[in-house]
Structure formats: structure tokens, C-alpha cells
Amino acid sequence: MLGDYFRGYVACALIVIMFLGGWMIPFVGPGPVPEIVFLLKVFLVFFVFAWVRAAHCRVRTDQILNIGWKILLPLAMVNFMIASVITIWGSW
């Protein structure tokens, strides 16, 4: 269980680094203690993840596989066909 929480914390840290500005305070710049700003952002994202996880029911593996095969694979094929047509027609 500790490994699961650690994996979630690392994922939240990566989200903060890549998408939320890391240790920078929005519209202000770097704060007086950048480590504290970074940790607050990580804990906020972790709280949101934990909240969403607790609020929704558990998704079973067979449900994920059904969505993948019946919905996402056909959408990926349609996306591939559209991209192929745009690429071929765009080169003329």
C-alpha cells in the first residue's frame, strides 16, 4: 500500500513539474521557499487524485478491456485513416 501511495506522489510531482509550473507561484514568480511551494502543489494534486478515487467506484479490468477494444480501437483506426488522408492530400 505504501508503494501505491509513493507511486501516486511521484506521479503528482511529475504533473506539478510538467504542467503546473514546478516551484513557481503563478503570476508572481519564485516564492521565498521554492521547496514549500512545490510540496504544497504536489499535495494539492495528490488530494484531488485521492478525492476523485474515493468518489468514484472501482473500474474492473474487464470493463477497461471492453472500452479499449470496442471504443478506443475503432476510434484509433478512424484517427489513423483521417491522418493518412490529410497527409496524402496535403502533399499534392
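Guide: Let us begin with terms. Helices (H or I, at least four residues) and strands (E, at least two) are DSSP runs, numbered from the N terminus. On a 1 Å grid over the protein atoms alone, a pocket is an open set of points where a 1.4 Å probe fits, with protein on both sides within 12 Å along at least five of seven lines, and lining residues have an atom within 4 Å of a point. In this structure, the largest share of the lining of the largest pocket, 6 residues, comes from helix 1. This is a predicted model, in which local features need pLDDT of at least 70, side-chain atom pairs count only at pLDDT 80 or more, and totals for chains, interfaces and linings use all residues. Residues are numbered from 1 along each chain as its sequence is written, and side-chain values use heavy atoms, with hydrogens and water left out.

Visitor: Which helices each supply at least two residues of that lining, and how much space lies in the largest pocket?

Guide: A volume is the space filled by probe spheres set on the grid points, which are joined across faces, edges and corners. Here the largest pocket holds about 250 Å³. Helix 1 (2-19) and helix 2 (34-55) each supply at least two lining residues. Among the lining residues are Asp-4, Tyr-5, Phe-46 and Arg-53.

Visitor: What span does helix 1 reach, and what is expected?

Guide: The expected span of a helix is 1.5 Å times one less than its number of residues. Helix 1, with 18 residues, reaches 25 Å from its first C-alpha to its last, close to the expected 26 Å. Helix 2, with 22 residues, reaches 32 Å, close to the 32 Å expected.

Visitor: Which residues of helix 1 are buried?

Guide: Buried means under 20% relative accessible area, exposed over 50%, and partly exposed in between (1.4 Å probe, protein chains only). In helix 1 the buried residues are Gly-8, Cys-12, Ala-13 and Val-16. Seen down the axis of helix 1, they fall within an arc of 140° (taken from the directions from the helix axis to the C-beta atoms), so they line one face of the helix. Phe-6, Arg-7 and Met-18 are exposed on the other side. Helix 2 is included in what covers the buried residues of helix 1.

Visitor: Which residues of helix 2 are buried, and what covers them?

Guide: Val-37, Phe-38, Lys-41, Val-42 and Val-45 are buried in helix 2. These residues line one face, because they fall within an arc of 135° when seen down the helix axis. Their cover includes helix 1 and strand 1 (24-25). The face turned away from the buried side carries exposed residues, including Glu-35, Leu-40 and Trp-51.

Visitor: Where is Ile-25 found, and which residues does it touch?

Guide: Contact means heavy atoms within 4.5 Å. Ile-25 is found in strand 1 and touches Gly-31 and Val-37, not counting residues up to four places away in sequence. At 28% relative accessibility, Ile-25 counts as partly exposed.

Visitor: What is the phi of Phe-27, and is Phe-27 buried or exposed?

Guide: Phe-27 has a phi near 65°, a positive value in a residue other than glycine. Phe-27 lies in the loop between strand 1 and strand 2 (29-30) and is exposed, with a relative accessible area of 91%.
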